[in-house]
2 protein chains.
Amino acid sequence: MNTQPHVVIVGGGFGGLQAAKQLRKSNVRVTLVDRHNYHLFQPLLYQVATGGLSPANIATPLRAILRKQANCQVLLAEVTDFDVANNRLVLADGELTYDTLVLAAGATHSYFGNDQWAEFAPGLKTLGDATEIRRRIYLAFEAAEREPDPEARKALMTFVVVGGGPTGVELAGTLSEIAEHTLARDFRNIRPQDARIMIIEGAPHVLNHYDEALSQRAADKIRQFHIEVHTHTRVNEITADHVRMSSEGCETIVPTRTVLWGAGVQANPLGKRLAAACGLETDRAGHIPVDEFLNVVGHKNIFAVGDIATCLDEEGKPLPGLAAVAMQQGGYVADTIAARVAGTGQSEPFKYHNKGTMATIGRAAAVVQIGKRQFCGFFAWLLWLFVHLLLIVQFQNRVLILFQWAWNYATFNRSARLITGDDHVVIVRRTKNSDPHAEKTVEVS
Amino acid sequence: MNTQPHVVIVGGGFGGLQAAKQLRKSNVRVTLVDRHNYHLFQPLLYQVATGGLSPANIATPLRAILRKQANCQVLLAEVTDFDVANNRLVLADGELTYDTLVLAAGATHSYFGNDQWAEFAPGLKTLGDATEIRRRIYLAFEAAEREPDPEARKALMTFVVVGGGPTGVELAGTLSEIAEHTLARDFRNIRPQDARIMIIEGAPHVLNHYDEALSQRAADKIRQFHIEVHTHTRVNEITADHVRMSSEGCETIVPTRTVLWGAGVQANPLGKRLAAACGLETDRAGHIPVDEFLNVVGHKNIFAVGDIATCLDEEGKPLPGLAAVAMQQGGYVADTIAARVAGTGQSEPFKYHNKGTMATIGRAAAVVQIGKRQFCGFFAWLLWLFVHLLLIVQFQNRVLILFQWAWNYATFNRSARLITGDDHVVIVRRTKNSDPHAEKTVEVS
């Protein structure tokens, strides 16, 4: 019988995986539970959604990553609930007891109460999301090629990205690259270059986690890629064939068949479950409250890290949902657990070290903010490329991705632009009898 | 108005694509119809099914391949029927008229009238099949890792491949590589090396398209990879938890959760459709009869090539379902059409030039037969590798695959071993209450 304390980590994302790895020298037994058998390098998910990389390029089997870590076991299972009183996890097909629990189950997208939009506007959090978005993008061009009616064709070639955060901007930028370069000469009846790409953002700026001046420069750069940037704009309705949006009292209906959701995120529902089990309340986005040691309030043997927890910085603002935050928290929690097991006392409260943030905004263009320093453009993109290659190579030992990128960049190639997911071709239905929404602007009182 | 004759090719596999490409200099207008947007390099599909390659490594968008061919248009559509009297194809969502039709819709698997087995024993013809098989293989190991009951664990680690043709042998060989090397140190509760891998073949030999001596050597080699080869064995029943098979009057029940189907193929159902439209009958496997010019019997403007047609060699035996056959036929039909359009007269009857056949049988082992020359082992594998690299690079300009293979070979890595296809983990249900079929041999009268 193993008498080492049993640390159960739920979620093999950046936070959970870091915690597991950093416990490798501790005198504990670690079980990492995930419902997927891989760790996903989410920052590059948009590349899968746009056909630049294959799913396997950004996903690595957890067992392969943790193979050599003798004190760690990987469990493919779905956690459904928590029995805090008995230190027990309820699984879909069993149960699991722990001495210490680390919840790192991440986030999912939020439609702000409009869940009926999900069908028409997929978000981008999982590999399944990415291949679904890829399918929709390339099917839209295929359907446009076959569409005789000019209005319907225009709708098929209109891509609306809801949300001007990093995900939205990355998706829109890559869509522009696809239309302008990748598919440029692939069709006979349409000009992919005519595609209309729109970013809809409620706030005054896109990328509003960055300084205003940098956001402004990024928006200018984005517009150079022939992307329409609509800030101060709210989405009121998303259906199979249009998006209704309003800006400054004016309502506009844009006929479109492809809407991508990059607007809201909320914590994994397990956050709410654990909160309820602990007698706590989550915030509106489902985040579970943690103390300065990342302990779920009132529970010394339960931690929550990454996108599932609310953690405030020194100014009282919540930390952003970044891989860097999750990894630092995962590492911190591992050190805290190790210290407690070793009896070397409580560690310092958690403190996030912001080493900078970055996002790509299109072909050979990115924004980077490191402290007060800001970059926008090609140099920022090189920096972005360098950092992400470093991270992914470090994580996944994936030298191939470098070749793939070099190849793609040189040839404008997106070799992974497969329409998969359904064995039969999915015909984008023409709503022949429904009156084709001409784009029109109406006064709203 | 374009007055060039309109050649419609149904299917973008080896035959159809070759026909389209070889018509590039003819005074015709070509439309290639496929229900997928990619050409699939089927000979490597088993590598996707076993996690060695990603779908995008072996699938190339048809538009990318045919981009520069001005007289060719690609149509993503599903053909549902033929209106031969009016030279018209019926599509799922429209129609298409032709002057000349080339049917190259390929084959699908056949369960010999036992379609209820399909659910438990997926075949390997499409990318969807490959990712489904990949999911089942890796989920079986995951479930075994969690299974406390030794009998159930044994069933989870038993893999039955039905059919000892190239597909079955390739799948079994790669399964063995996965168990012996790739996953060797990934688990804590099971030894993947204990996996039981069986090939079930009704004929006296595996790979029975090869000379008997070579088949024999291949079988010996296969057994060295710890694969059980059961020839002269018939499958009588496949269910969710066992396979019932009989050999020489003895019936055996093997408890297993993973059965892969590599046994039978039949022509795409479109073969039957076209035959009916032409007042013809297909053979039992649904192949449409063609004359020596590959014309559908009695129809000078309709051709059928590849796996959908019955074409006999000089000895009156049907040609095998190989990429080489389909490509030679596609090219021949293109030349015939070109000659007729140019008015340079009828070409010679079609004749297949057999340049040799080859199949891998495991890590660094293959069989190759070129005329009377036969190779089995490492040298044959090098030859196999060389030929396939040449073919795939020529087809798809995919230098990357070379790196991927070199990497995989050197590291025993199967980086694409993702369990995808369902966003939630699929729990392999334990049939707790059903009596666990112990493996037993019973006399059958």
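# Helix packing and aromatic pairs in a predicted model

A search of the whole structure finds 18 aromatic pairs over all chains, where rings of Phe, Tyr and Trp (its six-membered ring) pair if their centres lie within 6.5 Å, and planes under 30 degrees apart count as stacked, over 60 as edge-to-face and the rest as tilted. This is a predicted model, in which local features need pLDDT of at least 70 and side-chain atom pairs count only at pLDDT 80 or more, while totals for chains, interfaces and linings use all residues. Residues are numbered from 1 along each chain as its sequence is written, chains are lettered from A and ligands numbered from 1 in the order in which they are written, and side-chain values use heavy atoms, with hydrogens and water left out.

User: How do the rings of A:Phe378 and A:Trp381 pair: stacked or edge-to-face?

Analyst: A pair of aromatic rings is described by the distance of the centres and the angle of the planes. For A:Phe378 and A:Trp381 the centres are 5.9 Å apart and the planes stand at 25°. Because planes under 30 degrees apart fall in the first class, the pair of A:Phe378 and A:Trp381 is stacked.

User: Which helix holds both A:Phe378 and A:Trp381?

Analyst: A:Phe378 and A:Trp381 are three residues apart, about one turn of the helix. Helices here are DSSP runs (H or I, at least four residues; strands are E, at least two), numbered from the N terminus. The helix that holds both residues is H11 (residues 378-396) of chain A.

User: Is A:Trp381 buried or exposed?

Analyst: Buried means under 20% relative accessible area, exposed over 50%, and partly exposed in between (1.4 Å probe, protein chains only). A:Phe378 has a relative accessible area of 45% and is therefore partly exposed. A:Trp381, with a relative accessible area of 11%, is buried.

User: Which residues form one aromatic cluster with A:Tyr111?

Analyst: The cluster lies in chain A and includes both Phe and Trp residues besides A:Tyr111.

User: At what angle do H1(A) and H10(A) pack?

Analyst: Axes are lines fitted to C-alpha atoms, for helices over the stretch in contact, and angles run from 0 to 180 degrees between N-to-C directions. The axes of H1(A) (residues 14-22) and H10(A) are 7 Å apart, and the angle is about 30°. That makes H1(A) roughly parallel to H10(A), since angles under 35 degrees count as roughly parallel, over 145 as roughly antiparallel, 65 to 115 as roughly perpendicular and the rest as oblique. The angle asked for is about 30°.

User: Which residues of H1(B) meet H10(B)?

Analyst: Contact means heavy atoms within 4.5 Å. On the H10(B) side, the partners include B:Ala323, B:Met327 and B:Asp335. On the H1(B) side, the residues are B:Phe14, B:Gly15, B:Gln18, B:Ala19 and B:Gln22.

User: With which residues is B:Leu214 in contact, leaving aside its neighbours within four places in sequence?

Analyst: B:Leu214 is found in helix H8 (residues 212-224) of chain B, and at 1% relative accessibility it counts as buried. The C-alpha atoms of B:Leu214 and B:Gln369 are separated by 8.3 Å, although these residues are 155 residues apart along the chain. The contacts of B:Leu214 are B:Val367, B:Val368, B:Gln369, B:Gln374, B:Phe375 and B:Cys376.

User: How far apart in space are A:Ala339 and A:Ser26?

Analyst: A:Ala339 has its place in helix H10 (residues 323-342) of chain A and is buried, with a relative accessible area of 13%. A:Ala339 and A:Ser26 are 313 residues apart in sequence, and their separation in space, C-alpha to C-alpha, is 8.8 Å.
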